[in-house]
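Here's a quick briefing for anyone opening this structure for the first time. Have a look at the chains, then read on.

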Amino acid sequence: MSIMKFDAVKIGDTLGPQEIHLSKDQVRTYARTCGMDVPRFTDDEGARAEGLPGMIAPGNMSLGMLSRLVTDWIGQSGARLARLGTTYRQPVQPGHTITLNGFVTHVEPAEKRVEIDVWIENEDAERLVIGTASVEFP
Amino acid sequence: MATILDLHSHSEASEDSRAPLEAYLNWIKLRHKERPVDGIVLTEHRQFNASPDYRALEDKFGLMVLKASEVETDYGHMLVFGVTDEMTRRFDFANVRLNAQELIDEVGRMGGVAVPCHPGRPTVGLYEHYAVKPPLQNVVAVEVLNGGSRKGEDDRSMELVHKYGYRAVGGSDSHLVSLIALCATRFEADIRSIEDLVRELKEGKYEPVDFRPKRKPVPAAVPDEVRHNGG
Amino acid sequence: MAVDYDPALIGKVFEVTDPVNVSAEDIGKFCTAISETNPLYTDEAAAKKGAYGGIVAPPSFAVTFRNGRHFFTHVPRFGRAGFDAGKDVEFRAPIRPGDKITLSSHVKEIYEKTGRSGSMVFVVVRSTVQNQNGEVVAHIDHRFMNRP
């Protein structure tokens, strides 16, 4: 749901939930497009050789998905994503459904800035990636 | 008069947390019906900050803010309540290999209490260490409900409670504003200070409480034969 | 027993990259890779009417300049495997087709902690991302996790 005006934003407003079924091909495409054509992001056997459970999505891809969650929420309101911080807690593995979520946690009227919690969870509601975003409205 | 406290939380002072204290308190106010806590304890990683005075925020939100630490030992992570200067001189809180038995005993002697946290978590929880080393002496309580636990970890913590008779606490282990107070501890007594908290942890009555929303149960897969027979 | 490293490392710029050209095609391929359909990033006609007056790259494009094949040189390592533990990005200005992007990087912090998977040493590298006009496009704090 796109938000249009700063005044309409309230603490507790949600972003998402956005369900993504992440496929291996999507992960490979991202990895290859971004110069990350290495085994851990493209090949299960290669990833296991590095001690991983199987091929994983690059952290940058998780950052990209969370960034898109926020820019989709911003829509055409003219606001901009000013800051995004992420912590990768567990590998994000393709072949699973992940859900992206967000909550508005703070509204700063003096700066027309909104703070948002964002995270990616797996099918067991475990948080694989957590982060926060700052959005500035015009 | 009972007191409910989230005993385990991290603000921006912890390097991996992204939550300003005021935003935590505001969120609790917003969600007070679902998370009816009277306050929180900040348990920052590997440090103790004695100086910040949170009275203005406490008054503004009508919530208690107490200060403690989460340190790292040779038996996993521990929450240290009732931190004093004497303790921070004796133990380097930034050391990730503190001696757990010494910590428990000397913190206790110095008027505080050290509580192993997330004991069911791999590597940094008591459970795995007990599998290969003698159990610690003088453990008062362990954290059986931790908001960051993965499947099965809190169950493993409960095994320690059953086996060793430890008391049980709960805390959110929150690193994000919206996760504060999802797990907490309900004390029978009235707690107004860190001294009260330490006394109650050592001698009082308390239990972990779970304020996480109940998830819709995932429908179990129906085996083919049952489906085809209209079972 | 603290982590062993040369304190003179901290704050010293260890790398300034050669400029990398960003084309409209690069931005288009990146949008496809992240299934991005927002017209601000994909549709020239719509983007012209938007806040930036033309197509810009999605914000997360800013972190793609230093990774994988083009990993940082001279970042202190502390043993086996390095993993991306997270990034903090401050977005200052958009990246546009035709931009030439450089990164200037220094080690901001090194610290140790223990977690589920064992003992870890974190190296935080701060990069300032600039375009050909000397404008800061972004600041990125990269957190790398090493297992000693």
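What radius of gyration would a compact globule of 231 residues have, and what does chain B have? A compact globule of that length would come in near 17 Å, and chain B has 19 Å, which agrees. (The radius is taken over C-alpha atoms, and the globule rule is 2.2 Å times the number of residues to the power 0.38.)

Before the details, some housekeeping. This is a predicted model, so local features need pLDDT of at least 70 and side-chain atom pairs count only at pLDDT 80 or more, while totals for chains, interfaces and linings use all residues. Residues are numbered from 1 along each chain as its sequence is written, and chains are lettered from A and ligands numbered from 1 in the order in which they are written.

**Chain B overall**
- Chain B has eight helices and nine strands; these are DSSP runs numbered from the N terminus, with helices being H or I of at least four residues and strands E of at least two.
- Its C-alpha atoms fill a box of roughly 70 × 45 × 35 Å along the principal axes.
- Of the 231 residues of chain B, 48% count as buried, meaning that 20 or more other C-beta atoms, placed from the backbone, lie within 10 Å of a residue's own.

**Strand 2 of chain B**
- Seven of the seven residues in strand 2 (residues 39-45) of chain B are buried, so this strand is largely enclosed by the rest of the structure.
- In a regular strand, side chains alternate between the two faces of the sheet.
- Here both faces are covered, with Gly39(B), Val41(B), Thr43(B) and His45(B) on one side and Ile40(B), Leu42(B) and Glu44(B) on the other.
- Strand 2 of chain B pairs in the parallel sense with strand 1 (residues 3-9) of chain B over three bridges, and with strand 3 (residues 64-73) of chain B over seven bridges; pairing takes at least two DSSP bridges.
- Ile40(B) stands opposite Asp6(B), and its bridge partner in strand 3 of chain B is Val65(B).

**Where the chains meet**
- 15 residues of chain A are in contact with 13 residues of chain B; contact means C-beta atoms, placed from the backbone, within 7 Å.
- Strands 2, 3, 4 and 5 of chain A each supply at least two residues of the side that touches chain B.
- Between chains C and A, 25 residues of chain C are in contact with 28 residues of chain A.
- Strand 3 of chain C gives the most to the side of chain C that touches chain A, with nine residues.

Key:
Contact = placed C-beta atoms within 7 Å. Buried ≥ 20, exposed ≤ 12 C-beta atoms within 10 Å, placed from the backbone.
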